[in-house]
Amino acid sequence: MPVAWLSAISTSDVDSAGGKGASLGELRDAGLPVPPAFVVTAETYRAFIEEAGIADDLFEAVDVDSEDSAALASAEQRARELIVDTDIPERVESSILAAYDDFEGDPFVAVRSSATAEDLPDASFAGQQETFLNVDRADLLDRIKRCWASLFTQRAIYYRDQQGFDHETVDIAVVVQRMVDAEKSGVMFTRHPSTGEPEITVEAAWGLGEAVVSGAVSPDNYSYDREAESIETVTVATKKTMHVRDDETGETVERSVPDEKQDERVLDETELAELHSLGELVEDHYDQPQDVEWATSDGSIYLLQSRPITTIEGSADESRNDHADTDSGESGTSDVLVDGLGASPGTVTGTARVVGTLDQLDKVNQGDIIVTEMTTPDMVPAMKRAGALVTDEGGMTSHAAIVSRELGVPAVIGSENATSTLTDDQMVSVDGDRGVVADGHREPATDGEPQSASSGRPDGSAGGTKPMTATDIKVNVSIPEAAERAAATGADGVGLLRMEHMVLSTNKTPQQYVDDHGEEAFVNTLTDSMRTVAEAFYPRPVRVRTLDAPSDEFRQLEGGDDEPSEHNPMLGYRGIRRSLEEPETFKLQLRAFKKLYEMGYDSLELMLPLVTDAEDVHRATALLREVGIDPEKRDWGVMVETPASALCIEELCETGLDFVSFGTNDLTQYTLAVDRNNGTVADRYDELHPAVMGLLHDVIETCREYDVSTSICGQAASKPRMIQELVDAGITSVSVNVDAVHDAQREAKRVEQRLILESVRD
Ligand code: PEP
Ligand code: MG
């Protein structure tokens, strides 16, 4: 049958109905109020391309070099033309229209792509596929075809290519659902999305849900303590805009909320009680905390979508934090081969490739699992191909952890014995959430939206809404290839773009690069990388940090033999101190900034690493002026990552800088005298140590007096307690890894709401 009604669909029908369709069928089956819908099944898409005779042309059109952006763009266009311009076979068309006619009253419908399990296993990515609202009968078939065509957007082709998925075997289903003419709508989290505490949060606004989901409006927020069975807080926001359906055109339009309703509370106690019990039912049904979209119409509540909350720290972080004192038996599975830190989430099964030396990287094919002692920057191309990464060494701030998180490659880091335990060609399953590597294929958890649970390249948008926060929530980017993914999180900009990764990926020291290719080429390399990120985020600000690579990292590169031999590179020739000793190289970096400013990238901010005092800053700004950058006209600042810079913060503020950013990875190691890469003392590495926190608090206080903005971009920025303390102290922005953006947004919002409440109560 070309179509299936929800009543005939359950979770086990993901292959046919896609994740979204299966989830809705399951909700309906559980007796929950879901608007009526049918699914144009994955088999129907397949029948369409085959019966219409376009399959071969289609797959040929999308068989391009995914690194070639022009080829990608024309592949997308050709695929769309083939699908949209081809008629749907008669028998399929009449089944779809007959199903539509079973809705009463010729209603508007929502037409949504529903990714199948084989495709795009990350729900957040699947969310990139098309959805159309307020579709009428006349447009229905066209919109369904456009959903099918969204299987071949540039990003989807690229992503699938990178993941080793075959375009030919990927299917897509389409959900056609009666529109709820929503008077009120919003989202509900059945547990706290960071801590997993039994607290239901409901966000609500007037009109259709897009305003809440897109972050266009600050919704009311209601939190409910499930254990005490009482409403904890009610925050009524000023809701200036709403989305409604235009009666004439049927389009969704943004309207001003009438004055008298702007500050009116959206949900009363009865509606909240009904929502809470629906939330508990959904969670009980799936046996997992859920993120639910809901709407009301004619006094009834409908559930539009439910997905598991994937951001709760519990399972993932416990396995990370407990790692030091657990052994593999703790993971609760008998087939665990190796365990370590879950450094980048997602589960992937593939063939292990034990890589000892760089010349063995060729054996890593698309989707293979790299098993190595520790990654180096020249492994990045192979990491991009890899399905997952497992290392013997490294912590949460190591190269392997940072790059794999940004690439969205699941990773288990610091296992100690992966290279000696795993063997070449062995089939293994890597679980980057729990930090375990198991034998063969680990079955993905089944739930309403299995693609998000089974594997992942999560971006911060996975949870659906973007809470509005006064504190800016930004994202760290190290490799330009991750820019688009990072930008899609809705982060308020890039809080840290590390320039050294741009250099390391050339596999040459800056000096060697200049010797081989000339100064201009070096400047251009930096310009291109920075521009990729600035472009992806424009006009959101992008803070680029000048070079900060310890000499031992440079030594591995071509030209590295000339690097000084240092007893302790972490305390050595790196950051601004090196740039000031080698002003010619520093000026090449600055010229890249200047070029981009001239191209109009006024969103770029310049940040100096490992500063100790104002003298460093004066010498650096003199060099800025020498290359023609006027510090008065540009936003620039310094990392606070040495205790000296924190203790000298007043004189630093007097240099005229615009911002400081806490590099807690370094600040912690220097304050506590604990080498951040030394596993032997890792249990003493504590970014929340009172000595570190004391420095952070003092710097924020002084900076506020000087009107200098403050940020944190070290790894600790994703810890809820760090966010709580620093937002409380008045930090301006928080910058986290791409997978932590959504979580940080919610945490900051929570703290801000508490502060507002406290000030109102005082
Ligand atoms: C830090 O020190 O916290 C930081 C963000 O810089 P890096 O990790 O590159 O040293
Ligand atoms: Mg640092």
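# Close-up views of a predicted protein model

View 1. The model is predicted, so local features need pLDDT of at least 70 and side-chain atom pairs count only at pLDDT 80 or more, whereas totals for chains, interfaces and linings use all residues. Residues are numbered from 1 along each chain as its sequence is written, chains are lettered from A and ligands numbered from 1 in the order in which they are written, and side-chain values use heavy atoms, with hydrogens and water left out.

**View 2. Oxygen atoms of ligand 1 and the side chains beside them.** An N or O atom in the side chain of Arg498 is 2.8 Å from an oxygen atom of ligand 1. For the side chain of Glu641, the distance from an N or O atom to an oxygen atom of ligand 1 is 3.0 Å. The side chain of Asp666 likewise has an N or O atom 3.0 Å from an oxygen atom of ligand 1. Taken alone, ligand 1 exposes 280 Å², of which the protein buries 96%; accessible areas come from the Shrake-Rupley method with a 1.4 Å probe, and for residues only the protein chains shown count as cover. Helices (H or I, at least four residues) and strands (E, at least two) are DSSP runs, numbered from the N terminus.

**View 3. The magnesium ion, ligand 2.** Glu641 (OE) and Asp666 (OD) coordinate the magnesium ion at 2.0 to 2.2 Å. The pair links distant parts of the chain, 25 residues apart: Glu641 is in the loop between strand 26 (636-640) and helix 25 (643-647), and Asp666 is in helix 27. Donors are N, O and S atoms within 2.8 Å of the metal (3.2 Å for Na, K and Ca); water is not among the atoms, so sites may look incomplete. Both Glu641 and Asp666 are buried, where buried means under 20% relative accessible area, exposed over 50%, and partly exposed in between (1.4 Å probe, protein chains only).

**View 4. Asn737 and its contacts.** Asn737 lies in the loop between strand 29 (733-736) and helix 30 (741-761). With a relative accessible area of 11%, Asn737 is buried. The side chains of Asn737 and Gln715 make a polar contact (3.0 Å). A polar contact is a pair of N or O atoms within 3.5 Å; within protein, one must be able to donate a hydrogen and the other to accept it, and residues adjacent in sequence count only if both atoms are side-chain atoms. Apart from neighbours within four places in sequence, Asn737 is in contact (heavy atoms within 4.5 Å) with Arg405, Val475, Asn476, Gln715 and Ser718.

**View 5. Helix 2 and the residue that follows.** Helix 2 (residues 42-51) is largely enclosed by the rest of the structure, because seven of its ten residues are buried. The buried residues of helix 2 are Ala42, Thr44, Tyr45, Arg46, Ala47, Phe48 and Ile49. Just after helix 2, Gly53 takes a positive phi of about 75°.

View 6. Most residues other than glycine have a negative phi, and most peptide bonds are trans. Asn134, although not a glycine, has a positive phi of about 50°. Asn134 is placed in strand 4 (residues 131-135) and is buried, with a relative accessible area of 8%. Asp425, also not a glycine, has a positive phi of about 75°. Asp425 is in the loop between helix 15 (418-421) and strand 20 (427-431) and is exposed, with a relative accessible area of 53%. The peptide bond from Tyr538 to Pro539 is cis, with omega near 5°, and Pro539 is in the loop between helix 20 (519-537) and strand 24 (542-545).
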